[in-house]
Amino acid sequence: MKAGGKSRRKYALRSLRSQLLARTLLILALLLVLIGFLQYFLMKDFLYRSRAEAMDTQLNSIPADLLIKDSQEQSGVTAPQEQTNRRNNRPGPFLFWPDMSLASIDTDGTFQSLSNENGLKPPRLTTEQYHAMQQSKRMRHGYQLITDAQGKEQLVVFRPLGPPDRSSGLLQMGVSTTSMQEQLINQLRTFILLSLIALAIGLALMLPVLSRTLVPLSRMVEAVKRIDAGNLAERFDAEQGQYEVDRLAVSFNGMLERLEHSFAAERELQMQMRRFIADASHELRTPLTSIHGFLEVLLRGAASNPKQLQSALESMYGESKRMNKLVSDLLLLAKLDRTPELKLEDISLDALLLEMKPQLLMLAGTRKVVFDMTAGIRVLAEGDKIKQVVLNLFHNAVQHTDMERGVIQVNLSAGKKLVDIQIRDNGPGMSKEQLERIFERFYRGDESRTRSSGGAGLGLAITQSIVEAHGGNITAESTPGTGSVFKVTLPLAGTV
């Protein structure tokens, strides 16, 4: 049970739905934290500025006779004794707000608190700072955060005493930031609570949405489970409304199609190999059986009869030649099935056919042979292999034409990129079924005649392999009763 629970937890953590959900919620949480910080600092600045403006308005509303010394005292004309009396007769502290402080600073830097006992103790800057502030024309813009003697932070604003051209000092008003800090903290708590609620709602909504979004992938998983070597016809729907899933489905379909073709080709190759082995075994067994039979006859006493001995030896010699040719053809096919190593040369096809003309006429015997060749046709090929192709096709035409009425045509022509070699006969022709299998190994359309002449049905298969190794193509056309034509197409030199 524990192993099963661990496996389920591991699967849940590694599942695409869990990862998408976790990453989405993580990004959302990070965005909310960022928004929270931005909101906190922007709101803090907004509150402080708003409070500073309100305090500036309060300072402007305080009566001037409570804040400004007598004009004579400001100008220094008043007698020292009178100045002392006026200073001693100035109003005392008048501020009753418990969270605010008020102080005045004379031009000489004298600092006097105007807050009563219930107010805050005003924080104090250095004399140099007050002098610099009185000389600055921008001191009314903005605010300062100063810590008082009790360690409490106050938001402080300043304004000049008296008219701008005859300033008699500064008036400083401060307010504790505690209430504003509490307001910011309460707002931040509210934001955190709302963010948690939003994440919970998002989690509840994302689970079914993700499940529905991942349905196409689940379908693909089920389809993949149904696919095996015997069932490669399964295909995925390539239009499920999701671009990435559709691309994956198209890729899978392409892969399955290639696998299906590969398995079909493999099965066909195995069938051909089994058929090839069976046919080769049969073809080899026939001459071996004949040789074995003649040897048995000779061992029974026929060797003492010169006439029987001569006949047996000639028969065994013929069978051995046939078996030797069969083995040579099989070895050649096996070599051509692998990557063929051809010694390609730039050769003249018309010259090669003219060179073979005496040999072809000798093979034809009393049959009529017509040559129609275009001069100057050159190809990149191995001359001996092309000769073998022409001999195989010509010998096939000789076998299927009458000795007296037979006519064989050898044509050579060229186009812009390809050259055609055609060998036509007026034999009995072939049926559609025979034409479809004519290039198969060990296939013989006329079993009795080809066997008597020693053919094993490998000549056309070898011819096709040689032509394809040169980058060409071979086709056959035939109509029963009118003859057959074999057409070899090769690329011209310089076009490969």
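Begin by selecting Phe111, Tyr130 and Phe158, which together form one aromatic cluster. The model is a predicted one, in which local features need pLDDT of at least 70 and side-chain atom pairs count only at pLDDT 80 or more, while totals for chains, interfaces and linings use all residues. Residues are numbered from 1 along each chain as its sequence is written, and side-chain values use heavy atoms, with hydrogens and water left out.

Across the whole structure, a search finds five aromatic pairs, where rings of Phe, Tyr and Trp (its six-membered ring) pair if their centres lie within 6.5 Å, and planes under 30 degrees apart count as stacked, over 60 as edge-to-face and the rest as tilted. One of them joins Tyr40 and Phe41, an edge-to-face pair with 5.4 Å from centre to centre and 80 degrees between the planes. Colouring by accessibility separates the two partners: Tyr40 is buried at a relative accessible area of 18%, whereas Phe41, at 49%, is partly exposed. Here buried means under 20% relative accessible area, exposed over 50% and partly exposed in between, for a 1.4 Å probe and protein chains only.

Because Tyr130 lies in helix H5 (residues 127-135) and Phe158 in strand S4 (residues 153-160), the pair ties together parts that are 28 residues apart in sequence. Helices (H or I, at least four residues) and strands (E, at least two) are DSSP runs, numbered from the N terminus. Both partners are buried, Tyr130 with a relative accessible area of 1% and Phe158 with 4%.

Next, select helix H10 (residues 349-364) and helix H11 (residues 383-399), whose axes come within 11 Å and cross at roughly 35 degrees; axes are lines fitted to C-alpha atoms, for helices over the stretch in contact, and angles run from 0 to 180 degrees between N-to-C directions. Where they touch, residues of H10 including Leu352, Met356 and Leu360 meet residues of H11, among them Ile386, Val390 and Phe394, contact meaning heavy atoms within 4.5 Å.

Finish at Ile462, found in helix H14 (residues 459-469), which is buried with a relative accessible area of 2%.
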